[in-house]
Amino acid sequence: MSMATTASHTSVASVTLEVADPEAARRFYTAFGVETHVRLRTSEAPSFGFRGFTLALTVSGPATVNSFVGAAVDAGATVLKPAAKSLWGYGGVVQAPDGTIWKVATSAKKNSKPATREIDEIVLLLGVEDVKAAKQFYVSRGLTVAKSFGGKYAEFASDESSPIKLALYKRRGLAKDLGVSAEGSGSHRVVLGSIAGSFTDPDGFTWEPATTPVTAP
């Protein structure tokens with residue numbers, strides 16, 4: 001494992017989910033409790049199967065995991081993996097009505113306090129074919145590696161202006177973790193904003209210019 005302690009010069013300034021019905025999606029994400037963290041826009045771009053990414057919420061304890069998962073299900077989400085204990089803590093996976101997959105997890109296996117609606121961290125995990133190649137691509141675009149586990153996982157540094165942290169995971173490993181088939185094609189239905197300008201990464205994820213961080217739809 002390698003670690004970098006320098007601040008990131010480039011990071012995720014915004015995440016836009018492309019959805020067929022923005023108003024319906026806005027209602028869902030408001031009920032889910034993440035409406036200030038993602039932007040929404042209309043897109044009918046064909047997308048089949050696994051879209052190659054997930055947004056992961058890290059929270060304080062199992063009760064808070066259950067709170068977020070319950071809110072998502074009540075608002076129309078589908079459970080892909082029921083919330084349960086694991087080797088790493090406690091978590092569950094849901095799929096929003098627009099197709100976006102969300103993971104909610106905590107490293108705690110027991111509750112030390114009542115459930116809250118607070119999010120400690122949001123990570124955008126991109127499923128890529130070659131973690132090392134994708135990592136080098138992003139380093140060339142100005143991102144700083146914060147954690148790297150060989151060819152399995154890489155995480156980039158973020159700063160206070162970045163609402164969401166970026167990480168890379170093997171596509172098939174990510175799909176398995178989420179409880180879905182790795183097969184998929186068409187649009188990812190997600191667009192990242194950055195001061196690094198417009199580009200598309202080796203796995204087809206699109207970035208657009210963002211002059212200032214935007215955290216609200």
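Which residue in E14 is the bridge partner of threonine 16? In E14, that partner is valine 191. What you have here is a predicted model, where local features need pLDDT of at least 70, side-chain atom pairs count only at pLDDT 80 or more, and totals for chains, interfaces and linings use all residues. Residues are numbered from 1 along each chain as its sequence is written, and side-chain values use heavy atoms, with hydrogens and water left out.

**Confidence**
- pLDDT (the predictor's confidence in each residue, from 0 to 100) averages 91 for the protein, and 93% of the residues score at least 70.

**The open sheet**
- Five strands make up an open sheet with mixed pairing, in the order E3-E2-E14-E16-E15. Helices (H or I, at least four residues) and strands (E, at least two) are DSSP runs, numbered from the N terminus, and two strands pair if DSSP finds at least two bridges between them.
- Strand E3 (39-42) and strand E15 (199-200) sit at the edges with a single partner strand each, so one side of each has no neighbour in the sheet.
- Helix H1 (residues 22-32) packs on this sheet, touching E2 and E3, and its direction makes about 160 degrees with that of E3. Axes here are lines fitted to C-alpha atoms, for helices over the stretch in contact, and angles run from 0 to 180 degrees between N-to-C directions.
- E2 (residues 14-19) and E14 (residues 190-194) run antiparallel, joined over four bridges.

**Helix H2**
- Pro62, Thr64, Val65, Phe68, Val69, Ala71 and Ala72 are buried in H2, where buried means under 20% relative accessible area, exposed over 50%, and partly exposed in between (1.4 Å probe, protein chains only).
- The cover over those buried residues includes H1 and strands E5, E6, E7 and E8.
- After H2 comes glycine 76, with a positive phi near 115 degrees.

**Around strand E9**
- Seven of the eight residues of E9 (residues 121-128) are buried.
- E9 pairs with E5 in the antiparallel sense over six bridges; leucine 125 in E9 is the bridge partner of threonine 54.
- With E12 (residues 165-170), E9 pairs in the parallel sense over six bridges, and leucine 124 has leucine 166 in E12 as its bridge partner.

Note on methods
Contact means heavy atoms within 4.5 Å.
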